[in-house]
Amino acid sequence: MSNMPEKYSLNSSKVAAATKEWLAKRGVTNEAIAELVHFLQKDYYPDLTPEECVVHVEAVLSKREVQNAVLTGIQLDILAEEGKLMAPLQDMIKHDEGLYGCDEILALSIVNVYGSIGFTNFGYVDKLKPGILVHLNDKNDGEIHTFLDDIVGAIAASAASRIAHRKQAEREGVTTPPLD
């Protein structure tokens, strides 16, 4: 028997599956995120369909950086729900403390993959809190979504940015779309 430590090997399909599973457990569907994307882009692209928005949400969720943020944020929210964080972090996350900005910073790691349009879309959707963000921001149901609401907004903002960049590439006749 060897005393060598087991070599760590990350299975990407397991990370992707866990991301999808944990979003579903928290009540977040790709369609709900796509509704936010459509909200963000419908004025710019009137022919944009909800199905097209879902395709872009799925593309964003396929990125490892996004999956890492989703899994990290959801786990922190769950630990806060269970009261398993140490004070004062427990109270800051439980009450979505106004001066606690780490939830937005984690979400911005998602938006960062998709450029400056993603940043402005994120700020807009974070301020208005439409669609599923209403539920995720409800502080009266016993669930904590301090991280998840921002993560969902960031995924939607990123998908909206991806659409904007692709539509511009189409107008310019570019065959290799940016920001895959």
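Predicted model: local features only at pLDDT ≥ 70, side-chain atom pairs only at ≥ 80, totals over all residues.
**Reading burial, helix packing and backbone features**

User: Is D149 buried or exposed?

Analyst: D149 is buried, its relative accessible area being 4%. Residues are numbered from 1 along each chain as its sequence is written, and side-chain values use heavy atoms, with hydrogens and water left out.

User: In which helix is D149 placed, and which residues is D149 in contact with, leaving aside its neighbours within four places in sequence?

Analyst: Helices are DSSP runs (H or I, at least four residues; strands are E, at least two), numbered from the N terminus. D149 belongs to helix α9, which covers residues 148-172. Contact means heavy atoms within 4.5 Å. With neighbours within four places in sequence set aside, D149 is in contact with K129, L133, L136 and N137.

User: How does helix α2 pack with helix α9?

Analyst: An axis is a line fitted to C-alpha atoms, for helices over the stretch in contact, and the angle between N-to-C directions runs from 0 to 180 degrees. Helix α2 (residues 30-41) and helix α9 pack at an angle of about 50°, and their axes are 8 Å apart. α2 is therefore oblique to α9; angles under 35 degrees count as roughly parallel, over 145 as roughly antiparallel, 65 to 115 as roughly perpendicular, and the rest as oblique. The crossing of α2 past α9 is right-handed; that term applies if the near helix is turned clockwise from the far one by less than a right angle, and left-handed if anticlockwise.

User: Which residues of α2 and α9 meet?

Analyst: On the α2 side they are I33, L36, V37, L40 and Q41, and on the α9 side V152, I155, A156, A157, A159, A160, S161, I163 and A164. The contact of α2 with α9 comprises 12 nonpolar, two polar and no charged residues. Here Ala, Val, Leu, Ile, Met, Phe, Trp, Tyr, Cys and Pro count as nonpolar, Asp, Glu, Lys and Arg as charged, and the others, Gly among them, as polar.

User: How do α6 and α7 cross?

Analyst: The axes of α6 and helix α7 (residues 116-128) come within 9 Å, with a crossing angle of roughly 140°. That angle makes α6 oblique to α7, and their crossing is right-handed. From α6 the contact takes E104, A107, L108 and V111, and from α7 it takes G118, F119, F122 and D126. By class, this contact of α6 with α7 has five nonpolar, one polar and two charged residues.

User: Where is E104, and how far is its C-alpha atom from that of D149?

Analyst: E104 sits in helix α6 (residues 102-111). E104 counts as partly exposed at 25% relative accessibility. The C-alpha atoms of E104 and D149 are separated by 9.3 Å, although these residues are 45 residues apart along the chain. Neighbours within four places in sequence aside, E104 is in contact with F122, D126 and D150.

User: How are α4 and α6 arranged relative to each other?

Analyst: Their axes come within 8 Å and cross at roughly 160°. α4 and α6 are therefore roughly antiparallel to each other, and their crossing is left-handed. V66, A69, T72 and G73 of α4 make the contact with L106, S109 and I110 of α6. The residues of this contact divide into four nonpolar, three polar and no charged.

User: Which peptide bond is cis, and which residues have a positive phi without being glycine?

Analyst: A cis peptide bond joins A87 and P88, with omega of about 5°. P88 is in the loop between α4 (64-81) and α5 (89-94). D96, a residue other than glycine, has a positive phi near 50°, and D96 lies in the loop between α5 and α6. K129 also has a positive phi, of about 50°, and is not a glycine. At 23% relative accessibility, K129 counts as partly exposed.

User: How many disulfides does a search of the whole structure find?

Analyst: A disulfide is a covalent bond between the sulfur atoms of two cysteines. The criterion is a pair of cysteine sulfur atoms within 2.5 Å. The search of the whole structure finds zero disulfides. As for individual cysteines, C53 counts as buried at 0% relative accessibility, whereas C102 is partly exposed, with a relative accessible area of 43%.

Terms used
Buried < 20%, exposed > 50% of the residue type's maximum accessible area, 1.4 Å probe, protein only.
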